[in-house]
Amino acid sequence: MSALDDLKSCFVETFDLSDTDPAMLAYHGIPAWDSVGHMQLIAAIETRFDIMIETQDILDMSDFRQAVAIVRKYGVDV
Amino acid sequence: MSEPRLEGCPVALVTGSTRGIGWACARRFAEAGYAVIINGVSDEAAMTARAAELGEEFGVPTLAIRADAGDEAQVAACYQAIFKKLRRLDVLVNNAGVLADGKIGMVPGHLLQRALAVNAAGSFYHLQSAARLMGRHGGGAIVNLTSIMGVRGAPGASAYAASKAAIVGLTLSAAKELGPQNIRVNAVAPGMIETDMLSGLKPAVIEERRRLIPLGRLGTADEVARTVLFLAEAPYITGQVLGVDGGMGG
């Protein structure tokens, strides 16, 4: 599984997605991606990639594209 | 500094731990078998020496990380270092603080801002990052150091009291928000404790205040530390502010 697939699976598992493409998601775009869901997503990504994301990046992660860019900052080849 | 090989030790970070109550907490946690992270704004060599002293006396892993609690970037770097070197955090003792004495009309803005930055915002920054590390390993405990002044107030201490009262609000809210992640958050409110922080007071003032203490004496840093350790390990206590004040706040 590629790192991109790993990242997608974080979204799918956190938000219990079945037929929604994570790449189309944005913060508050679905009920599950509220502030609580956001912190669960961050925890899932941190655990999956063994990184610790800083507060400003947590605030900036407003959609899947941003998530890709932020994860790259921490050395993940996604 | 001893190498941080954990081998099952829980990890405790004590902010502002090179002296006073922080140092007493570091010693109590080391004695209880925790790997202890010493933190402060002293120079790196002095903190490393403190950490080594602790490791040698109690045979636990120790680490020294310099970070000013009032600087958000330094606190973030502190947690990146903990994550890289130790991978986990089980206890945060949010102890770093600065005094800000003065009558209301005589407190300069920079003194108020520094007290709020270190005591209030600094406690928040540490709690914010610590909770995220704790959440990755099933939970943890945070003990914030407020003050009897933050709970009861005191003349000539409004700026300090305001900054310490903020810690009470932080404790109560964080306990509710982080409870579902099995992260407990409590606070200790020391009264008159024999530390360097009292050295600026005249003996007559100390004596006058001592007479207000039902137990008739000042507390010790170790008595505060024992309470902090108790709260860190009490599995069903969260959202409490516990006075360690000889009855002064009763």
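Which elements make a right-handed β-α-β unit? They are β4(B), α4(B) and β5(B). Right-handed here means that, with the strands pointing away from the viewer, the path from the first strand over the helix to the second runs clockwise. Helices (H or I, at least four residues) and strands (E, at least two) are DSSP runs, numbered from the N terminus.

This is a predicted model: local features need pLDDT of at least 70, side-chain atom pairs count only at pLDDT 80 or more, and totals for chains, interfaces and linings use all residues. Residues are numbered from 1 along each chain as its sequence is written, while chains are lettered from A and ligands numbered from 1 in the order in which they are written.

**The sheet**

Chain B holds an open sheet of 7 strands with parallel pairing. The order is β3-β2-β1-β4-β5-β6-β9. Two strands pair if DSSP finds at least two bridges between them. β3 (62-66) and β9 (241-244) of chain B are the edge strands, each pairing on one side only. From one strand to the next, the twist averages 20°.

Strand β5 (residues 140-145) of chain B runs parallel to β4 (residues 91-94) of chain B, joined by 4 bridges. Another 6 bridges join β5(B) to β6(B), also in parallel. Some facing residues are listed here.

| Residue in β5(B) | Residue opposite |
|---|---|
| B:N144 | B:N94 |
| B:V143 | B:V93 |

A residue is buried if 20 or more other C-beta atoms, placed from the backbone, lie within 10 Å of its own. In β5(B), 6 of the 6 residues are buried, so the strand is largely enclosed by the rest of the structure. B:G140, B:I142 and B:N144 point one way; B:A141, B:V143 and B:L145 point the other.

**The cores**

A nonpolar core is a set of buried Ala, Val, Leu, Ile, Met, Phe, Trp, Tyr and Cys residues joined through C-beta atoms within 7 Å. The largest has 75 residues. B:A12, B:F29, B:V36 and B:V228 have the most contacts inside it. Helix α4 (residues 109-135) of chain B gives the most to this core, with 10 residues. Another core lies apart from it, with 14 residues, including A:L7 and A:I70.

**The chain contact**

Contact means C-beta atoms, placed from the backbone, within 7 Å. By that rule, 7 residues of chain B touch 6 residues of chain A. On the chain B side, α3(B) supplies the largest share, 4 residues.

Conventions: A residue is buried if 20 or more other C-beta atoms lie within 10 Å of its own, exposed if 12 or fewer, and partly exposed in between; C-beta atoms are placed from the backbone. Axes are lines fitted to C-alpha atoms, for helices over the stretch in contact, and angles run from 0 to 180 degrees between N-to-C directions. Two residues are in contact if their C-beta atoms, placed from the backbone, lie within 7 Å.
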